[in-house]
Amino acid sequence: HVFRRLVCVCLCCVPTLQFSFPPSRLARHLQKEAQSQHNNSEFTEDQKKTIAKIATCLELRSAALQSAQSQDEFKLEDLKKLEPILKNILTYNKEFPFDVQPVPLRKILAPGEEEHLEFEEDDEEGGAGAGSPDSFPARVPGANEGTLLPRLPSEPGMTLLTINIEKIGLKDAGQCIDPYITVSVKDLNGIDLTPVQDTPVALRKEDTYVHFNVDIEIQKHIEKLTKGAAIFFEFKHYKPKKRFTSTKCFAFMEMDEIKPGAIVIELYKKPTDFKRKKLQLLTKKPLYLHLHQTLHKE
């Protein structure tokens, strides 16, 4: 199997850190496996996500090798942490050691192909600039639709929650490329209680805000959520220099905050802390995630 051969190559390369061909090329092959749609794939969807994250790490290492000065450099010792994951890919069920995201449905290039980005590399720093309204082109096929799910059927005496994500306040809102928000419901141990949903790419950015105006249907009746559960919102955007999607910040809402009406919640620095033990505010500025909650009860 091609993937097994790739794993062997990676396992041979990682301990010595001597790659026989560029990490970016390995990454493309891993991404291809992770995005494969064929029914006879030996990997589950969670395993494919892990493979895609490994591919992102290899892309980061490739970018670090090509950059003399990189603040987010992916170091050699970081690369070594991938070895046990690769060895045990079929049984690995721990939290991934790096805050990286798979690149969803992005075109995979064959070795030697050139990727033509729609944005110049310096757009991340210069961008359209905060304060200039802009709409986002659909750079990722399917991104406009997101992965939102419909509302669950109602049950007598049970409450369903719809959260409208109105906007998020960021000082560099105008520079974010293909921004979207991943919504998940986690228990105190960071375990998913409902399917994870991605919003479509944002509608527009204006001043210090990225506007979404999108409804999220929480996929569990509120009464059935475990004690201490929380709803997480991870703001993600595409980095053209690194060619991957990154989490910029996150926010969360605990069960006692579930009330009908508007709510603003604080933003925290990445990596996303699903266990809520080491939280650090993103900024001292009055910038928040703006939500509106609607409760449905028979």
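What share of the contacts in the chain with a separation of 6 or more comes from residues 24 or more positions apart? In this predicted model, such residues account for 72% of those contacts. The chain has 298 residues, and 46% of them count as buried. Five helices and 10 strands make up the secondary structure elements.

Five of the strands form an open sheet. Their order is β4-β5-β1-β10-β8, and the pairing is antiparallel. Strands β4 (204–206) and β8 (261–266) stand at the edges. Each has a single partner strand, so one side of each lacks a neighbour in the sheet. On average, neighbouring strands are turned by 25° against each other, direction ignored. Within this sheet, β1 (residues 159–169) pairs with β10 (residues 288–297) over nine bridges, in the antiparallel sense. Ile-168 stands opposite Leu-289 in β10.

Asp-187 sits in the loop between β2 (180–186) and β3 (197–198). Its relative accessibility is 16%, so Asp-187 counts as buried, the cut-off being under 20%. Leaving aside residues up to four places away in sequence, Asp-187 touches Leu-193, Thr-226, Ala-229, Phe-274 and Arg-276. A polar atom of the Asp-187 side chain lies 2.9 Å from the backbone nitrogen of Ile-191. Ile-231 is 44 residues from Asp-187 along the chain, yet their C-alpha atoms are separated by 9.0 Å.

The count of salt bridges comes to six. One of them joins the side chains of Glu-217 and Arg-151, at 3.2 Å from N to O. Glu-217 belongs to strand β5 (residues 209–217), and Arg-151 to the loop between α5 (83–87) and β1, so the pair ties together parts 66 residues apart in sequence.

Glu-155 is partly exposed, with a relative accessible area of 30%. Lys-224 is likewise partly exposed, at 39%.

Glu-206 and Arg-204 also meet through their side chains in a salt bridge, at 2.3 Å from N to O. Glu-206 is partly exposed at 27% relative accessibility, and Arg-204 is partly exposed at 36%.

Terms used. Residues are numbered from 1 along each chain as its sequence is written. This is a predicted model: local features need pLDDT of at least 70, side-chain atom pairs count only at pLDDT 80 or more; totals for chains, interfaces and linings use all residues. Side-chain values use heavy atoms; hydrogens and water are left out. Helices (H or I, at least four residues) and strands (E, at least two) are DSSP runs, numbered from the N terminus. Buried means under 20% relative accessible area, exposed over 50%, partly exposed in between (1.4 Å probe, protein chains only). Contact means heavy atoms within 4.5 Å. Two strands pair if DSSP finds at least two bridges between them. Axes are lines fitted to C-alpha atoms, for helices over the stretch in contact, and angles run from 0 to 180 degrees between N-to-C directions. A polar contact is a pair of N or O atoms within 3.5 Å; within protein, one must be able to donate a hydrogen and the other to accept it, and residues adjacent in sequence count only if both atoms are side-chain atoms. A salt bridge is a side-chain nitrogen of Lys or Arg within 4 Å of a carboxyl oxygen of Asp or Glu.
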